[in-house]
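Visitor: I'd like to learn how to read a model like this one. Could you walk me through it?

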Amino acid sequence: MAKKKGTRNKQSGVPHKEAMLRMNFLYQAAYTAIGNSDSLTTSRYYISTMKTISKRLVIRIDPSIKRTICKRCNTLLIPGKTSSSRLRTHREKHIVVRCTTCGMIKRYKTSPKGYTLWCDRTENMQTQQDQMSPEQLTKK
């Protein structure tokens with residue numbers, strides 16, 4: 001028997017809500033796996049699964065979460081445990097984060113005057129709210 005067209009299960013306006021919840025759970029599980037039992041391979045598996053879900057469904061991962069994941073080995077970068085952080089002032093002030101598992105180095109500029117991430121800018125938040133329906137805005 002075929003489903004009726006009008007009886008779709010509507011989510012609360014958020015596309016891929018279940019996938020986002022699953023990605024959130026996998027990130028938290030990876031963090032607790034490293035914190036509790038030092039199970040690095042389990043944590044790396046959870047992070048790689050999270051990245052696979054985001055690529056398959058074309059969901060962007062927040063930049064603050066991306067900065068805590070090593071691109072090379074999918075290790076969750078926790079300062080003092082799986083990474084080392086240094087503040088350098090060679091060219092410009094920047095933070096150097098080194099993964100202790102694979103040796104990958106990430107450099108982040110320290111925030112110069114007036115610099116904000118794209119997703120944190122107010123004009124971009126306004127355009128995101130304009131794209132939302134009135135029902136979604138009232139639920140916040």
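Visitor: From the N terminus on, how do the elements of the chain run?

Guide: They go α-α-α-β-β-β-α-α, which makes five helices and three strands. Helices (H or I, at least four residues) and strands (E, at least two) are DSSP runs, numbered from the N terminus. This is a predicted model, where local features need pLDDT of at least 70, side-chain atom pairs count only at pLDDT 80 or more, and totals for chains, interfaces and linings use all residues. Residues are numbered from 1 along each chain as its sequence is written, and side-chain values use heavy atoms, leaving out hydrogens and water.

Visitor: Which residues of strand β3 are on the covered face, and which on the uncovered one?

Guide: In a regular strand, side chains alternate between the two faces of the sheet. Here Lys 106 and Tyr 108 sit on the covered face of β3 (residues 105-109), while Ile 105, Arg 107 and Lys 109 are on the uncovered one.

Visitor: How many bridges join β2 to β3?

Guide: Strands pair if DSSP finds at least two bridges between them. β2 (residues 94-99) and β3 run antiparallel, joined by five; Arg 98 has Ile 105 as its bridge partner. Five residues lie between the strands of this hairpin, where Gly 103 takes a positive phi near 90 degrees.

How values were computed
Buried means under 20% relative accessible area, exposed over 50%, partly exposed in between (1.4 Å probe, protein chains only).
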